[in-house]
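Hi,

Here is the structure I promised to pass on.

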Amino acid sequence: MDKTPNQKAWFLVLPVLVLVAFSAVIPLMTVVNYSVQDTFGGNQFFWAGLEWFDELLHSERMWDALGRQLLFSAIILAIEVPLGILVALNMPKKGVWVSVCLVLMSLPLLIPWNVVGTIWQIFGRVDIGLLGHTLAALGIEYNYTQNTLDAWITVIVMDVWHWTSLVALLAYAGLQSIPDAYYQAAKIDQASRWKVFRYIELPKMMGVLMIAILLRFMDSFMIYTEPFVVTGGGPGNATTFLSIDLVKMALGQFDLGPAAAFSIMYFLVILLISWVFYTVMTNLDKKGS
Amino acid sequence: MAKITLDNLAHSYLPNPGSEDDFALKELNHDWNDGEAYALLGASGCGKSTLLNIISGLLQPSQGRILFNDQDVTHAPTTARNIAQVFQFPVVYDTMTVRDNLAFPLRNRGADADYIATRVQEIAAMIGMEDTLDRKARGLTADAKQKISLGRGMVREDVNALLFDEPLTVIDPHMKWELRTQLKRLHQQFGHTMIYVTHDQTEALTFADKVVVMHDGRVVQIGTPQELFETPEHTFVGYFIGSPGMNVIPAKVDGDRAYINGAEVMLARGYGKLQGDIAIGVRPEFARLSDSEGLPVKIRRIEDVGRHKIIRADCFGTEINIVAAEADEIRADMTRVAFDADHVNVYANDWRVKEEAA
């Protein structure tokens, strides 16, 4: 059948094109534009080529921040995923307590980042904070503004407090979709509790768990507000993660060129790691390990 | 293998059952003999699956006891009862191979590796899946998955009983026959006590030595296929078994005569004084059209189903069915129906009335 060419159809796609252009393409291109230029203010720009990228790749500051960032994401994933699954497994399956649990679990998720930061900033203070003061009274030395380890523990516990619910809720949704017959069959087959988890619950949760891990990875890799409010990146640079460093560079020092190059590399790293995660996990899923 | 005794058993899904209507399974006393094959037949929601789940321990009964070989297991968990059960919809362990699926119940019991290997091979041959043993169970058809479920149910030789909860619902018709035959052969070979839940009368009648018919949470009759056909103890058995079901016609009974709207029907036996709603039940196979004797009927239509003809007719406002042989001629003046007196049963409030001793 012959198709009638009708170029008017382009007008129908136009709104989407405009929307995407203004929300994503143009801002991204601006950053790309900045990353290859230098400026001394006064809206005057000079071509710099790949100089900023080269400089960043040899900058200890960037590599340190990346290292801290990876460590942070690895730690919170290693805690939040198993903990979230454990919580989900222990949540009631039916009855009035389901809604109670769900509401309680979603509460931390509803609190804005900077409020979470403020809560923990005050909570941990040695002079007036419940946690800090109690620890001090027990004779435990704890000061997140001066001790690197304390600062890390605070930031990690804060993130676990804030986001484990997300993993738990997603895992819970996965668990709820398993028909009773599976558990009954497992009982008939005399499977142990571990085997029920390993061969029924885990495979059925795999899909949502993958989403949970991806979300938590991306989010933690871009974390800014909470550690900024609590520690401000300190003591020293101990909790200066990539975002904090980037903001310092772009807005603190107003180094637009290096900051733009930083942003692009940051973006590519997240993209790369997310892709690796996704590929590895879908393969695991296919092979069924 | 075991004899299973149900003692005073009843179950309600409500925490505080009041009237009898609250019980999904009404009070029941019954022995399932060791090594017999039973079919549990009834309409959906009549309590068949409830009974099965109580036997396997997935459900705790509200009252009564269950005994395996006279040993009380009412409160024993499923894992301690050593029972195999196959469910209506396939349950397979997705991430395992077919082989591992079949071996799973044996491995959980710590069976010897050589034994597992040979046993899995035998079962695979039985369900016709030897070629797919090393495939992942995920992605197989519902058919194949259900065969794995069946295989997993049959893999243990020492089970106390094998329970099937409408296991062939999702299976292809031609495979159904084959699997049912396999189950039957398995039963003859190993002599397991088997209970097979179904709502399909053909399935029940071909599989079982004894058929247990349930209706509304109650066991209404336990008998051989022939008993169910010839002397249904409850009108439900009459309706449910047979195609078409038994004719039930409201009547007055006096001695060895029944009266329908004043017309007389001879009975083979005498009955005493009867209480409640009285009716007579006659299977369509024991009714015939006639031009001279019996009750007047108005013929609505005649269906030729190949082997025989089914005549749908109206008898004093009650719809009745008559089965006539394929060769029988049906003439316009045949406006009466006669019953075979030996096969007319009398029902009071839906339960069959025993005749008076002669």
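Predicted model: local features only at pLDDT ≥ 70, side-chain atom pairs only at ≥ 80, totals over all residues.

**Chain B overall**

Chain B has 358 residues, of which 42% count as buried. Its C-alpha atoms fill a box of roughly 75 × 45 × 35 Å along the principal axes. In secondary structure you'll find nine helices and 22 strands in chain B. If you take the contacts in chain B with a separation of 6 or more, 67% of them come from residues 24 or more positions apart.

**Two domains**

Chain B splits into domain 1, covering 4-240, and domain 2, covering 247-352. Their centres, taken over C-alpha atoms, are 38 Å apart. Where the two meet, seven residues of domain 1 of chain B are in contact with eight residues of domain 2 of chain B. The domain 1 side of that contact consists of one nonpolar, four polar and two charged residues.

**The cores**

In soluble globular proteins, nonpolar side chains tend to be buried together. Here the largest nonpolar core has 78 residues, and B:Tyr38, B:Ala39, B:Leu40, B:Ile195 and B:Tyr196 have the most contacts inside it.

Four strands of chain B make an open sheet in the order 2-1-4-5, with antiparallel pairing. Strand 2 (23-32) and strand 5 (71-72) of chain B are the edge strands, each pairing on one side only. Strand 1 (residues 4-12) of chain B runs antiparallel to strand 2 of chain B and is joined to it by six bridges. Helix 1 (residues 48-56) of chain B lies across strand 1, strand 2 and strand 4 (63-68) of chain B, and its direction is at about 125° to strand 1 of chain B.

**Strands 14, 21 and 22**

Further along, strand 14 (residues 278-282) of chain B pairs with strand 21 (residues 344-348) of chain B over five bridges, in the antiparallel sense. In this pair B:Gly281 stands opposite B:Asn345. Strand 21 of chain B is also joined by two bridges to strand 22 (residues 351-352) of chain B, again running antiparallel. There, B:Ala348 has B:Trp351 as its bridge partner. Strand 21 and strand 22 of chain B form a hairpin with two residues between the strands, and B:Asn349 takes a positive phi near 50° in it.

**Where chain A meets chain B**

Which helix of chain A gives the most to the side that touches chain B? Across the whole contact, 14 residues of chain A are in contact with 21 residues of chain B. Helix 8 (180-188) and helix 9 (193-221) of chain A each supply at least two residues of the chain A side. Helix 8 of chain A gives the most, with six residues. By class, the side of chain A that touches chain B has eight nonpolar, four polar and two charged residues.

Over to you!

Definitions and conventions: Residues numbered from 1 in each chain as written. Chains lettered and ligands numbered in written order. Domains from an automatic or database assignment. Nonpolar A, V, L, I, M, F, W, Y, C, P; charged D, E, K, R; others polar. Core = buried A, V, L, I, M, F, W, Y, C linked by C-beta atoms within 7 Å. Buried ≥ 20, exposed ≤ 12 C-beta atoms within 10 Å, placed from the backbone. Pairing = 2+ DSSP bridges. Axes fitted to C-alpha atoms, helices over the stretch in contact; angles between N-to-C directions.
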